[in-house]
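Colleague: I am new to this one. Please take me closely through a single part, and then show me what else holds the chain together.

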Amino acid sequence: MNTEQQPSPGNQEPVPNQGMDRRGFLYLLAGLGGTTLACTVPETLRRIISGEFSPLTESEKRSRIRYGFNTHMSGNPSKYENLDLNAFKVDVLRMRQMGMDAIRFNVWEWELDEIYLQKYDEALKTAKDNGMEVFLVTNVPNLSKNGEDLEGDLKKTRALYERLAGRWKGLVDVWQIFNEPDDHTYDRYQRIQSYAPGYLENLARLVYEADKTIKTIDPAAKTTVNVSMWVDPSADPWVGADNPRFEEVGLFDAVCGFESGGRVDRMCQTIDYISLDPYLDKNTEAINRFPEVIDYFYTRYQKPVVVAELGLPTGDGRFTEEDQGKYISMVIDAIQGGKVRPYALLLYEFRDEAMKAGAEASFGFNRADGTPKPGLVEILEVIQNDEHQPEK
């Protein structure tokens, strides 16, 4: 791992397209060409305030998708980690040169000491200086097991977001509160088989507290919660909008202030975006019908949908690097043509992670050293050729 300080990419200019064809330009951006880099009305207001539906217009449903990548960054990297601050800076510049609008990463809950937060300060500033919309994943550390001390947990939640939102006001556009709490417990990040009594109610109170705290400090900030949606053929795959699972719907109902699984007759009252993490593998029916899922969540909660993670691993023997480009491009193309387009589509992830093993180590569209995999050019092509994308 190279720990030598590199110059900040904030003031560098994007690589121009000087006479080459589109695919040649995309190769250059991906690093394959020898370059590492490339009038609301009163009635509307009344309905929003009262909590009634205020459906998006057809043009808003078909709005411009913000494209970007997920990555990670450590403020205290071990010798095995490749995703440090220097790599983050280089990768932000490469993303912008590829035409990306957004970036999503997390602040590790064990890196909240001042010395480490200074690295996150620099990472966030780099992303904003380069015009990126920042989605930040956060978790509240040291919560009580099973919410047995909920009042104490609420106090810890307020304290964390007072600290972070106060520090990063204007640097974080979208705060994600917890990570996939349908799949892992919010307090211990342990696998969930079924929701324990009181789990969704406690989660809803914590999300409400975090949302309120963040927006008191930074009224321009948005919030979200995400769910995992792996299409596992051996279990209970969700294909299209048929037979929605309680796992995801029940969680968003609770977070939005509704009775879980009941009838919904008003707009979601808490979070601003519904975030989905679809891992569709090579299930072509699930891929082609995923726009139905986006439409379902938009229609139920009357909130824009974010595809927060979309990826395919290449290192555990199930899928090849060529599969990654082929099937992720297929999903992007399907989403682009959907009835309701997501607010943002964030690919998972920019680089492989050297400190992990198996599938978790190999979701990158670039290898751990930053060299691109073959699928990167393919996904850039389908993004660039979005015939449904309005002008900015």
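Modeller: Start with the side chain of serine 74, which makes a polar contact with the side chain of glutamate 111 at 2.6 Å. A polar contact is a pair of N or O atoms within 3.5 Å; within protein, one must be able to donate a hydrogen and the other to accept it, and residues adjacent in sequence count only if both atoms are side-chain atoms. This is a predicted model, where local features need pLDDT of at least 70, side-chain atom pairs count only at pLDDT 80 or more, and totals for chains, interfaces and linings use all residues. Residues are numbered from 1 along each chain as its sequence is written, and side-chain values use heavy atoms, with hydrogens and water left out.

Where does serine 74 lie? Serine 74 sits in the loop between β1 (66-70) and α4 (85-97). Helices (H or I, at least four residues) and strands (E, at least two) are DSSP runs, numbered from the N terminus. Serine 74 counts as buried because its relative accessibility is 3%. Buried means under 20% relative accessible area, exposed over 50%, and partly exposed in between (1.4 Å probe, protein chains only). A polar atom of the serine 74 side chain also lies 3.1 Å from the backbone nitrogen of asparagine 76. Leaving out residues up to four places away in sequence, serine 74 touches Glu81, Leu83, Asp84, Leu85, Trp108, Glu111 and Tyr120. Contact here means heavy atoms within 4.5 Å.

Now glutamine 176. This residue, glutamine 176, lies in strand β4 (residues 174-177). Glutamine 176 is buried, at 3% relative accessibility. Its side chain makes a polar contact with the side chain of arginine 104 (2.7 Å). The side chain of glutamine 176 makes another with the side chain of asparagine 226 (3.0 Å). Setting aside neighbours within four places in sequence, the contacts of glutamine 176 include Leu136, Val137, Thr138 and Thr224.

Asparagine 202 belongs to helix α7 (residues 199-217). At 13% relative accessibility, asparagine 202 is buried. Beyond residues up to four places away in sequence, asparagine 202 touches Asn146, Gly147, Leu150 and Tyr186.

Next, the salt bridges. The count comes to 30, where a salt bridge is a side-chain nitrogen of Lys or Arg within 4 Å of a carboxyl oxygen of Asp or Glu. One of them pairs glutamate 133 with arginine 66 (3.6 Å, N to O). That pair links distant parts of the chain: glutamate 133 is in strand β3 (residues 133-138) and arginine 66 in strand β1, 67 residues apart. Glutamate 133 and arginine 66 are both buried.

Helix α7 takes part too. Lysine 215 meets aspartate 272 in a salt bridge (2.7 Å, N to O). Aspartate 272 lies in the loop between α8 and β6 and lysine 215 in helix α7, so this pair ties together parts that are 57 residues apart in sequence. Aspartate 272 is buried, at 14% relative accessible area. Lysine 215 counts as partly exposed, at 21% relative accessibility.

Last, the disulfide. The structure holds 1, and a disulfide is a pair of cysteine sulfur atoms within 2.5 Å. Cysteine 256 is joined to cysteine 268, S to S 2.1 Å. Both cysteine 256 and cysteine 268 are in the loop between α8 (246-255) and β6 (273-279), 12 residues apart. The link of cysteine 256 and cysteine 268 is left-handed, with -85° about the S-S bond. Cysteine 256 and cysteine 268 are both buried.
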